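Welcome! Here is a short tour of a protein model, written for someone who likes to know the cut-offs behind each term.

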Amino acid sequence: MAETLTATPALPAIEKQPAVEKQAFRDAMAHLGSAVNIITTDGPGGRAGFTASAVCSVTDSPPTLLVCLNRSASVYPAFTENQVLCVNTLADCHESLSNLFGGKTPMEQRFEAAEWSSLSTGSPILSDALVSFDCKITQVTRVGTHDILFCEAVAITRNDERHGLVYFDRRYHPLMRQSAC
């Protein structure tokens with residue numbers, strides 16, 4: 001039996017627009033509030049961690065997050081070799097820890113500043129994080145200077161007693177939980 005093929009209509013040609021200036025983009029992104037996370041890994045590539053706000057949910061089936069990681073970051077080799085990570089979403093008490101993991105502090109000193117455990121992947125789980133997603137990296141896509149790591153959650157731990165921390169307008173802001181009526 002012959003198969004009938006239908007042509008897909010061609011998309012109209014789109015005129016290439018000039019890119020937005022880098023500083024204008026950065027200034028605009030400062031108005032996009034986001035949760036503050038410490039992304040950690042451990043394994044053959046070593047123990048490493050960094051602060052990130054470029055994290056978001058992709059799908060719940062399978063449960064997948066994405067994490068953006070600069071390829072020039074000092075932690076990049078550890079994450080690419082280990083292929084596992086934990087997204088530790090910070091509570092309102094973690095501003096100084098966020099700054100520590102976001103700077104040039106030696107890795108050993110970063111981890112000494114808090115209590116850690118592990119779940120399935122062996123990646124460090126921040127003991128008093130708001131929530132921790134223990135993940136395996138399932139796919140990597142390169143865009144510009146960064147890799148987008150697609151990460152399937154294999155274990156989760158939550159702390160429902162803590163309040164959240166967001167980064168907005170180049171500053172930290174606490175998010176308070178609402179009480180039930």
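## Cysteines

Cys-93 is partly exposed, with a relative accessibility of 41%. Here buried means under 20% relative accessible area, exposed means over 50%, and partly exposed lies in between (1.4 Å probe, protein chains only). This is a predicted model, in which local features need pLDDT of at least 70 and side-chain atom pairs count only at pLDDT 80 or more, while totals for chains, interfaces and linings use all residues. Residues are numbered from 1 along each chain as its sequence is written, and side-chain values use heavy atoms, with hydrogens and water left out.

Cys-68 is in no disulfide either, and the nearest cysteine sulfur, in Cys-56, is 7.6 Å away. Cys-68 is partly exposed, at 23% relative accessible area.

Strands (E, at least two residues) and helices (H or I, at least four) are DSSP runs, numbered from the N terminus.

Which strands pair with β2? Two strands count as paired if DSSP finds at least two bridges between them. β2 and β3 are antiparallel and share five bridges, with Asn-37 opposite Ala-52 in β3. β2 also runs antiparallel to β6 (residues 84-89), joined by four bridges; there, the bridge partner of Ile-39 is Val-87.

Gly-43 sits in the loop between β2 (37-41) and β3 (48-52). The hairpin of these two strands has six residues between them, and in it Gly-43 takes a positive phi near 160 degrees. Gly-43 is partly exposed, at 32% relative accessibility. The C-alpha atoms of Gly-43 and Val-84 are separated by 8.1 Å, although the two residues are 41 apart along the chain.

## A three-stranded sheet

An open sheet is formed by three strands in the order β1-β11-β12, with antiparallel pairing. β1 (34-35) and β12 (171-175) are at the edges: each has a single partner strand, so one side of each has no neighbour in the sheet. β1 and β11 (residues 164-168) run antiparallel and are joined by two bridges. Ser-34 has Tyr-167 as its bridge partner in β11.

## Polar contacts of Thr-121

Thr-121 belongs to the loop between β7 (116-118) and β8 (124-126). Its side chain makes polar contacts with the side chains of Ser-123, at 3.0 Å, and Asp-134, at 2.4 Å. A polar contact is a pair of N or O atoms within 3.5 Å; within protein, one must be able to donate a hydrogen and the other to accept it, and residues adjacent in sequence count only if both atoms are side-chain atoms.

Key:
Disulfide = S-S within 2.5 Å.
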